[in-house]
Structure formats: structure tokens, C-alpha cells
Amino acid sequence: MKNNEIADEFDQFAEILEFQGKEKDLFRIRSYRRGAQILRNLPEAIDKISFKELIKISGIGEGLAHKIIEYTEKGKIYEFEDEYKKIPPGIFELMKIPTLGPKRMKLLYDSLNITDPAELKTAIEKGEVQKLPTFGEKSAQKLLWGLEIYSGITERVPRGAVYGLAYRILNKMQAQKFVKKAEIAGSFRRGADTVHDLDFLATGDAEKIIEFFCSLEDVAEVMSRGTTKVSVLLKNNLPADLRVVSEDIWGSGLQHFTGSKNHNVHIRSRAKKMGLKISEWGVFKRDKVIAGKTEEEVYKAVGLPWFPPEIREDSGEFQKAKENKLPKLIEEKDIKGDLHLHSVFSDGNSTIEEIAKKAIKRKYEYIAITDHSQALAYIANGLDEKRLIEQKKEIERVQKLYPQIKIFWGTECDILKDGSLDFPDKILKNFDFVIASIHSGLYGDQTKRTMKALQNPYINVLGHPTGRRFGYREEVPADYSKIFKECVIRNIALEINSTFDRLDLRSELAREAVYDYGAKIIINTDSHVAEKMDDIHFGVTVARRAWLEKKHVINTLSLKQFEKFIKKN
């Protein structure tokens with residue numbers, strides 16, 4: 001939690017410096033942005049790292065280290081607070097509009113005295129923004145699109161953002177002698193992209209369990225408390241509920257509180273036709289409980305198989321069960337390699353050797369180092385031709401040290417605004433593996449741009465295809481059916497990006513791509529630090545929600561099979 005808090009502070013302060021027009025502070029601005037990225041990628045909690053350990057982290061100098069310590073000890077950075085006092089409060093809200101950068105924000109402020117999103121919308125509607133230098137009708141529409149995204153931000157949070165918190169609470173509960181069983185239920189258990197609360201279920205000594213739950217250090221406030229149920233507000237402002245049930249109805253409670261609502265309604269309707277009643281209290285025939293101890297027992301009582309939580313959405317699972325055609329969902333153990341990894345050569349924080357060692361630890365057969373291309377030189381330290389040669393030599397050196405894993409020389413090559421790729425073909429043809437991704441200009445329909453890029457014969461993967469980022473940017477508009485068809489024709493895999501604030505492709509689109517068009521999927525982490533390779537489970541969860549099996553995902557292939565696939569291009 002602290003890592004992200006401080007990262008947000010660094011990013012915000014960098015934007016303030018840009019808003020103030022302090023071009024001379026370019027180095028500081030880049031330093032804060034780099035520091036924010038490092039903090040978000042660190043596997044360790046920042047408040048557990050000493051000053052001496054902090055300054056050893058590449059990209060964290062003494063200046064940033066002092067500010068990190070100051071925030072962990074005092075909850076604020078006084079230098080930042082002094083600067084914030086000079087800024088109209090509404091400017092901080094304007095910063096949340098994804099299509100508005102600090103420089104244009106300053107122009108709007110200086111020219112029209114716009115200090116908040118409402119004033120910006122009014123100025124656009126009056127045509128005042130369109131008259132400003134470098135703006136115009138197209139820019140105004142882009143801002144309106146950004147305002148729509150800003151207005152649509154909800155209180156739901158990415159599941160990955162609370163994953164560690166949820167399991168920390170669960171593990172503490174399971175460690176108590178008075179707890180016989182404990183589990184996370186709700187949309188979190190179903191693997192939903194975002195959640196608005198956490199649901200816990202437990203069985204054991206109800207009084208002690210309730211007391212223990214309320215005393216957890218992650219709990220900020222107890223909202224309501226009963227003998228078998230308690231609702232609290234966690235310190236990150238996320239609501240959490242705990243229900244304690246008896247052991248003989250553990251299964252029915254877990255099934256009921258996992259949901260989804262539509263899935264449960266379908267089951268209740270089915271039970272009613274069979275002369276049964278089903279609820280969190282068990283499966284009843286008249287007044288007698290006939291099932292409830294396990295989920296399997298509950299489903300069997302109404303003539304159904306056990307459904308993996310990820311597909312309990314009433315989106316076809318009952319029909320497939322009737323046909324005995326439920327998919328054998330992909331599992332994390334099926335993944336043989338991670339093909340979207342960033343090293344210190346671009347904006348990553350791990351060396352190629354550290355990445356290789358982590359991959360070996362995960363028992364992978366292969367990986368690809370895919371640092372950014374030259375278009376992202378300013379933002380992500382993208383590589384030019386000279387540095388590509390240095391990177392390739394380092395990959396070759398590490399490959400000799402670790403022959404037990406295949407290291408592909410790859411790139412995440414930007415798709416430019418006109419649909420061309422950031423590297424010419426004479427460079428692209430030398431790579432073992434090419435991911436093509438859009439990182440800028442993510443507004444308006446992207447079909448034409450993407451389709452042009454897909455014509456390039458050297459592309460293996462379309463990276464994070466819709467460009468979404470939770471709470472920041474929605475999916476870009478595009479004719480995805482057209483894009484999926486082209487990827488099939490060109491033998492280009494579609495990525496499920498495991499970064500928890502992306503999860504792109506989302507499950508609905510991934511299912512459509514595979515089952516309607518026959519596309520192939522690749523699940524990658526887009527890791528910028530070696531330890532983040534463990535986040536592959538987020539992408540696998542998306543794939544499971546998409547009903548994907550091992551055969552649909554190319555990085556479940558053996559090394560020999562994978563090499564054959566990528567050479568088809």
C-alpha cells in the first residue's frame with residue numbers, strides 16, 4: 001500500500017513541476033517519474049526497507065530515498081506540501097483526466113483560468129478551448145472523451161491491488177486454532193477484474209472469530225457487528241464482510257456467497273423445478289437438509305457438476321454442463337514461458353541475468369526480453385540501434401551462463417500514429433520475437449492504425465490490445481472482430497497482459513477472439529522487475545474467466561513447439 005501511495009505522490013509532484021512550467025527541472029521530473037515506476041514494481045514493502053538499502057536500488061538516489069523515508073515516518077513530504085499550497089485545488093482533479101497533460105493544463109489555466117473539470121467542460125461547450133493556440137475541434141473532442149472517462153471512475157478497485165491484503169487477512173484467520181476453515185468468497189474468488197468489497201467466510205468458534213476479525217490491524221472501523229456476521233471498513237477504505245457458518249453448511253455458504261447473482265438465480269430456479277429449495281443454509285427437501293457440507297455436494301444435489309468459480313456467471317456454463325462439454329480450464333502450471341519482460345536496458349529494474357534466474361526458479365523453458373523501442377526514449381528509456389546491439393550481446397552472455405532456459409531477443413515495438421512500426425523491417429527481421437503495442441495517441445477509433453500495423457510480417461504478438469488501464473483509461477474504440485480476424489490470418493497472437501491494472505484483453509474479448517474467430521492467446525506479465533513474473537496468475541485468471549484451455553494459449557507449448565509457432569510468420 002505504501003509503495004503505491006508514495007509512487008502517486010512522486011507522479012503528482014512531477015506533474016505539478018510540469019504544470020508550473022519549470023523546464024529547467026526536467027531532470028527532477030524524470031527522476032520522480034522513474035522513482036514512481038520503481039516503487040510500483042518493487043516486490044518488498046517500502047516501509048520495511050532501510051535508507052542504506054534504498055539507495056542501493058537502481059534509480060533511487062539519496063534525494064528520493066530521503067523523501068521515501070519522510071513519507072513512511074510522517075505520512076507526507078513537506079517539500080511537496082509547500083508546493084501544493086501554491087496550486088488551485090481543482091488542478092489536482094484536472095490531473096485525473098487521462099487526455100490532458102500538464103503543459104496543456106497550464107495553457108488552459110493561463111488563457112481561460114480553468115481550474116477544475118466542470119470549468120473545462122463548460123469552456124469546451126462554449127467553443128472557447130477550440131480557439132486556443134495548438135487546440136482546435138479535434139483536441140476538444142479528445143478532452144471531452146477524457147472527461148467522460150474521468151466522470152466514469154467508480155469506487156471499484158482492481159482485484160490485484162487488494163490481492164495481497166485479502167490473502168494477508170485470510171492467512172491470519174486460517175492460522176488461528178479456533179478457525180476450522182476460512183475462505184475468500186464473492187467476486188474476488190470468481191476472479192473479477194475489479195471488486196468493490198471483500199467477502200470472507202469462516203467456520204469455527206464464531207465469537208472468537210468475530211473478535212479476531214475486528215481486531216485485525218488492517219481494520220479501520222467496525223461498521224456493524226452481530227453474532228455470526230460483521231462488516232468493517234479496511235484502512236484502504238474498502239468494505240469487508242465476514243460471515244461465520246456451521247461446518248455442516250460450509251459448502252452451501254461458500255457456493256452462495258461466491259455467486260454470481262445470476263448463477264445462483266439459475267440454480268435456485270433449477271432446484272425449485274426439482275421440488276427442492278437451495279440457499280446459504282443448505283439444500284432442502286421440504287424441511288430436511290439433504291446437502292450443504294461441500295460445494296460439490298450442493299451442486300450434485302441439483303444434478304450439476306462443480307463449476308470453477310471463474311465461470312459462475314450464467315454465461316453458458318449450465319448448457320455446457322448439460323452437454324458434458326465444460327472446458328478444462330488452463331492452470332498456472334501450464335505456462336512454459338513469459339514473453340513480455342523489460343530489463344534495465346529500457347525502463348525495467350532487473351538485469352537480464354536476474355530475469356533469467358527468476359524464470360529458471362519458476363521452471364520456465366523460455367523467456368523473451370522485450371524492452372521498449374526508440375519512440376519511448378523519453379518516457380521509458382526506449383532503445384536505439386546502438387543500444388540494441390549492447391542488449392543483444394548481454395542476452396548472448398547470459399544465455400551461455402544459463403543454457404537450461406532459452407532467452408529470445410525481442411522487442412516491444414511501438415505502433416506509431418500512422419500505423420507504421422517504430423523500427424524499420426531491416427531491424428525487426430533480426431529479432432527472435434516482436435510484440436507490437438500502442439502506447440500513445442490512445443483516443444478515437446484505433447482500427448485503421450492497428451490493421452495497418454498487423455500487415456507487418458515480423459509481428460508475433462499484439463500487446464495489450466485495447467489499451468485499457470483501470471481508473472485511468474477505458475478500452476480504446478476499435479472494430480475488434482476485424483482485428484481478431486486479421487490476427488488469425490497473420491498468425492499473430494493476442495496478449496492477455498497480467499499487469500493487474502491492465503488485464504488486457506479482458507475475459508469477454510478473449511473468449512470472443514478464441515471461440516468465435518479461432519485466435520491464439522499469449523499470457524504475459526509485462527514485468528519491469530523480475531519478482532513481478534509471479535503475477536502471471538492474474539493473467540491466467542482472466543484466461544480462465546474466458547473459458548480458455550491450455551490448447552488456446554501459445555506459451556503453454558514446449559520450447560520446440562513454441563519456436564515452430566513463431567517461425568510460421
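Helices and strands here are DSSP runs, numbered from the N terminus, with at least four residues (H or I) for a helix and at least two (E) for a strand. Asn324 has a positive phi of about 60°, although it is not a glycine. Is Asn324 buried or exposed? Asn324 is exposed, with a relative accessible area of 72%. For these words, buried means under 20% relative accessible area, exposed means over 50%, and partly exposed lies in between (1.4 Å probe, protein chains only).

Before we go on, a word about what you are looking at. This is a predicted model, in which local features need pLDDT of at least 70 and side-chain atom pairs count only at pLDDT 80 or more, while totals for chains, interfaces and linings use all residues. Residues are numbered from 1 along each chain as its sequence is written, and side-chain values use heavy atoms, with hydrogens and water left out.

Lys363 tells a story like the one above. Lys363 is not a glycine, yet has a positive phi of about 65°. You will find Lys363 in the loop between helix 17 (352-361) and strand 12 (366-372). With 74% relative accessibility, Lys363 counts as exposed.

Now step back to the whole protein. How many helices and strands does the protein have? There are 25 helices and 17 strands. The radius of gyration is 26 Å, close to the 25 Å that the globule rule gives for 569 residues, so the protein is as compact as a globular protein of that length. That radius is taken over C-alpha atoms, and the globule rule is 2.2 Å times the number of residues to the power 0.38. Along the principal axes, the C-alpha trace spans about 75 × 60 × 55 Å. Of the 569 residues, 53% count as buried. Contact means heavy atoms within 4.5 Å, and among contacts with a separation of 6 or more, 69% are between residues 24 or more positions apart.

Lys452 sits in helix 21 (residues 447-454) and counts as partly exposed, at 45% relative accessibility. Leaving aside neighbours within four places in sequence, Lys452 is in contact with Asp418, Gly419 and Ser420. Lys300, by contrast, is 152 residues from Lys452 in sequence and 51 Å from Lys452 in space, C-alpha to C-alpha.

Next come the spaces inside. The structure holds three cavities of 30 Å³ or more. A cavity is a set of points, on a 1 Å grid over the protein atoms alone, where a 1.4 Å probe fits but cannot get out, and lining residues have an atom within 4 Å of a point. Grid points are joined across faces, edges and corners, and a volume is the space filled by probe spheres set on the points. The largest cavity has a volume of about 70 Å³. Residues lining the largest cavity include Ile415, Leu442, His464 and Val476. Its lining divides into six nonpolar, six polar and no charged residues. In this grouping, Ala, Val, Leu, Ile, Met, Phe, Trp, Tyr, Cys and Pro count as nonpolar, Asp, Glu, Lys and Arg as charged, and the others, Gly among them, as polar.

The second largest cavity has a volume of about 50 Å³. Which elements give two or more residues to the lining of the second largest cavity? They are helix 13 (250-258), helix 14 (261-273) and strand 8 (277-279). Helix 14 gives the largest share, three residues. The lining of this second cavity divides into two nonpolar, four polar and one charged.

The loop between helix 13 and helix 14 holds Ser260, and a cis peptide bond, with omega about 0°, joins Gly259 and Ser260. Another cis peptide bond joins Asp504 and Leu505, with omega about 15°. Leu505 is found in the loop between strand 16 (493-497) and helix 23 (507-517).

Finally, look at the cysteines. A disulfide is a covalent bond between the sulfur atoms of two cysteines. Here a disulfide is counted as a pair of cysteine sulfur atoms within 2.5 Å, and the structure holds zero disulfides. For Cys487, which is in no disulfide, the nearest cysteine sulfur is that of Cys413, 15 Å away. Cys487 is buried, at 1% relative accessibility, and Cys214 is buried too, with a relative accessible area of 14%.

Conventions. 1 Å grid on protein atoms, 1.4 Å probe; cavity = no way out; pocket = protein on both sides within 12 Å on 5 of 7 lines; lining within 4 Å.
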